[in-house]
Each structure stands twice: as C-alpha cells, then as structure tokens.
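Have the viewer ready and follow along.

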Amino acid sequence: MIRAFSAIALPPEIRARLAEVQAGLPEIRPVPTENLHLTLVFLGSLPEPQLDDLDMEFAGIRAPELELTLSGLGLFGSDRPHNLHATLAESAALRHLQARLETAARRIGVAPERRRFTPHVTLARLGHDRRAWKCAELAVAQSADFRAGPFKVGFFGLYRSETGRNAAHYTEMSRYTLFSSQGASSGA
Ligand code: 2AM
C-alpha cells in the first residue's frame with residue numbers, strides 16, 4: 001500500500017518567501033522548506049494496481065497551466081488551531097483542475113476527502129502548545145499584506161508520503177504537464 005496524494009509543487013522563490021514567514025515565527029516548528037506544497041487531492045493508502053489506474057486517469061487530463069498567488073495566512077481549527085497555512089488567492093482554474101482530479105479518483109474507486117477543498121500550503125502543524133497557538137494567531141492577524149507570486153504552474157504531481165518520526169518524506173512518483181495557452185493557440 002502506498003500513501004499518496006496529488007499536489008502542486010511550489011517554485012523555489014515561493015518556497016523561499018514562505019521560509020521567511022516561518023523564520024519569523026520562532027515558537028512554531030515549521031514544515032521543512034522542501035516539503036511545502038499545495039495538495040489537490042489526498043488519496044490515502046492505495047494498492048499499486050489502483051495507483052496505476054489513477055496514473056492513467058491523471059495522464060489523460062488536459063488542463064491549462066495555472067497562474068497562482070499566495071495571499072495571507074490562515075488557521076484550521078478555530079478554538080484549537082492545528083494548522084497554520086498560506087492561503088491562495090481565488091482561482092477558478094485551480095478549482096476546476098482540483099475537481100477533475102477528484103472525479104478521476106472517484107472513477108477508479110477512491111473516495112477522496114469529504115471536507116470542501118480549501119486550497120492552502122501548510123506552514124506548520126500546531127501541537128498542544130498554547131504559545132504556538134498565540135504566535136500563529138498573531139501571524140494570521142498581521143498577514144493581510146502577505147503576498148507571494150503570481151507564479152506559473154506547468155504541471156501537477158502524484159506523490160508518495162512516508163511519515164517519519166520527525167518530518168514526512170514526500171517523493172514525486174509521476175508528473176502531469178498542463179498545457180500552455182500559447183501552445184494551445186498554435187495547435188500544440
Ligand atoms: P495538510 O497540509 O492540510 O495537512 C500529505 O499528507 C498532504 O495530504 C498534506 O498536504 C495534507 O494536508 C494532505 N491531507 C489531506 N487530508 C489528509 C489526511 N486525512 N491525512 C493526511 N494528510 C492529508
């Protein structure tokens with residue numbers, strides 16, 4: 001069984017901006033810079049044949065490149081915040097792509113998350129430390145001006161997740177190209 005998810009990798013300059021935000025929050029244990037990503041669909045643990053089917057489905061998706069912007073910070077969990085993240089400026093194209101991946105997952109018998117898709121990049125998972133909660137709440141309250149991007153997204157990936165004692169380890173198993181609108185107009 002392979003624990004898998006599909007996601008958008010972030011360009012190095014965007015990860016560097018997020019690392020600066022994390023560095024300004026010393027009370028909070030950050031997600032390692034190389035792990036920062038935007039999850040599209042969390043797939044759970046799948047047997048390899050099902051992953052192969054999913055790979056075929058994803059490879060058949062033709063969708064345009066995206067242009068995304070990170071805008072502000074947010075928290076999941078109102079009285080017990082558990083996740084500090086960067087939020088995405090609204091993108092209909094991103095929602096459209098995500099919905100297509102979810103449909104593809106359903107088609108091969110994977111039931112994705114029931115919670116509504118809230119695009120985000122997790123910066124820290126908060127434990128039970130109240131100081132970390134306070135620090136995260138303050139960061140969110142002061143984040144109105146935070147922007148990173150816009151940046152182009154030319155592909156999405158299928159990742160394997162291995163959870164270690166400290167940080168998770170993510171490996172890209174496959175990559176799926178999104179078409180550029182310039183290429184589309186020339187018939188490519
Ligand atoms: P998160 O960043 O909000 O925690 C790999 O674990 C990716 O899948 C993470 O980005 C994680 O989102 C996402 N994910 C979504 N649902 C999950 C779940 N039930 N368990 C673990 N990860 C999940």
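## The model and its ligand site

Please keep in mind that this is a predicted model. Let us begin with the ligand, whose space is the largest pocket. Around the ligand you will find Arg3, Phe5, His37, Thr39, Phe42 and Asn83, together with Glu113, Arg115, His120, Thr122, Arg125 and Tyr170. Sorted by class, this shell holds five polar, four charged and three nonpolar residues.

Which strands each supply at least two residues of the shell around the ligand? They are strand E1 (2–9), strand E2 (37–46) and strand E5 (120–125).

## Polar atoms facing the ligand

Thr39 has a polar side-chain atom 2.6 Å from an oxygen atom of the ligand. For His120, a polar side-chain atom lies 2.7 Å from a ligand oxygen atom. Arg125 also takes part: an N or O atom in its side chain is 2.9 Å from an oxygen atom of the ligand.

As for cover, the ligand on its own has 460 Å² of accessible area, and the protein covers 77% of it.

## Aromatic pairs

How many aromatic pairs does a search of the whole structure find? The search gives five. One of them joins Phe58 and Tyr176. Their rings are edge-to-face, with 5.6 Å from centre to centre and 85 degrees between the planes.

This pair links distant parts of the chain. Phe58 belongs to helix H2 (residues 48–59), while Tyr176 belongs to strand E8 (residues 168–177), and the two are 118 residues apart.

## A cis peptide bond

One more detail is worth a look in the backbone. Gly149 and Pro150 are joined by a cis peptide bond, with omega at about 5 degrees. To find the spot, go to strand E6 (residues 147–153), where Pro150 lies.

Terms used
Residues are numbered from 1 along each chain as its sequence is written. This is a predicted model: local features need pLDDT of at least 70, side-chain atom pairs count only at pLDDT 80 or more; totals for chains, interfaces and linings use all residues. Side-chain values use heavy atoms; hydrogens and water are left out. A residue is near a molecule or strand if one of its heavy atoms lies within 4 Å of it. A polar contact is a pair of N or O atoms within 3.5 Å; within protein, one must be able to donate a hydrogen and the other to accept it, and residues adjacent in sequence count only if both atoms are side-chain atoms. Accessible areas come from the Shrake-Rupley method with a 1.4 Å probe; for residues, only the protein chains shown count as cover. On a 1 Å grid over the protein atoms alone, a cavity is a set of points where a 1.4 Å probe fits but cannot get out, and a pocket is an open set with protein on both sides within 12 Å along at least five of seven lines; lining residues have an atom within 4 Å of a point. A molecule sits in a cavity or pocket if more than half of its atoms lie within 2 Å of its grid points. Helices (H or I, at least four residues) and strands (E, at least two) are DSSP runs, numbered from the N terminus. Ala, Val, Leu, Ile, Met, Phe, Trp, Tyr, Cys and Pro count as nonpolar, Asp, Glu, Lys and Arg as charged, and the others, Gly among them, as polar. Rings of Phe, Tyr and Trp (its six-membered ring) pair if their centres lie within 6.5 Å; planes under 30 degrees apart count as stacked, over 60 as edge-to-face and the rest as tilted.
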